[in-house]
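Reader: I've got a model here that I'd like to talk through. Can you take me around it?

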Amino acid sequence: MSTPTHAAVQASAHASAQASAHAAVQASAHAAVRQSLADDWALLLGLDAVGPDDDFFEAGGHSLVAVQIVARIRARHGVEVPVADVFTYPTVGELAGVVAGMLEAGTPLSSLEVEGAGRSA
């Protein structure tokens, strides 16, 4: 039975440290997305504050405000979230998870958005 070499132990420790750092960055990014969504929901719904478990529709949201939420997500984070996702993931925490996942995956705006970006009116 062989024992791991010093280099193998160091490589493993380095990989573990990188994974921990990556997880910390992900958690920080998710928290930032969650806070920006909470701020936008509060503003658009006329509330003082919105928490991560507050339901968009129970707080007074409706389809027109959902469209505004999606537009703010696009402007702030550069990802295209379908309006249907606001219905599917109606809490700040759930929708923030979707947006953070898209950001982590590097999901760009739709090809239509990207193609139209260079056109002038």
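Reader: Is Arg76 buried, exposed or partly exposed?
Author: First, a word on the source: this is a predicted model, where local features need pLDDT of at least 70, side-chain atom pairs count only at pLDDT 80 or more, and totals for chains, interfaces and linings use all residues. Residues are numbered from 1 along each chain as its sequence is written, and side-chain values use heavy atoms, with hydrogens and water left out. Buried means under 20% relative accessible area, exposed over 50%, and partly exposed in between (1.4 Å probe, protein chains only). Arg76 comes in at 46% relative accessibility, so it counts as partly exposed.

Reader: Which residue does the side chain of Arg76 meet in a salt bridge?
Author: A salt bridge here is a side-chain nitrogen of Lys or Arg within 4 Å of a carboxyl oxygen of Asp or Glu. For Arg76 the N to O distance is 2.7 Å, and the partner is Asp40.
The pair links distant parts of the chain, 36 residues apart, with Arg76 in helix α2 and, in helix α1, Asp40.

Reader: What is the relative accessible area of Asp40, and is it buried or exposed?
Author: Side chains of opposite charge can pair when their charged atoms come close. Asp40 also meets Arg72 in a salt bridge, at 3.4 Å from N to O. With its relative accessible area of 4%, Asp40 is buried.

Reader: Which helices does the pair of Arg72 and Asp40 tie together?
Author: Helices (H or I, at least four residues) and strands (E, at least two) are DSSP runs, numbered from the N terminus. The salt bridge in question is the one between Arg72 and Asp40. The two residues are 32 apart in sequence, so the pair ties together parts in α2 (residues 63–77) and α1 (residues 6–45).

Reader: What follows α4?
Author: Helix α4 covers residues 92–105. Its buried residues include Val92, Leu95 and Met102. After α4 comes a residue with a positive phi, near 75°: Gly106.

Reader: How many helices and strands are there in the chain?
Author: From the N terminus on, the elements run α-α-α-α-α. Buried residues make up 25% of the 121 residues. The secondary structure comes to 5 helices and 0 strands.
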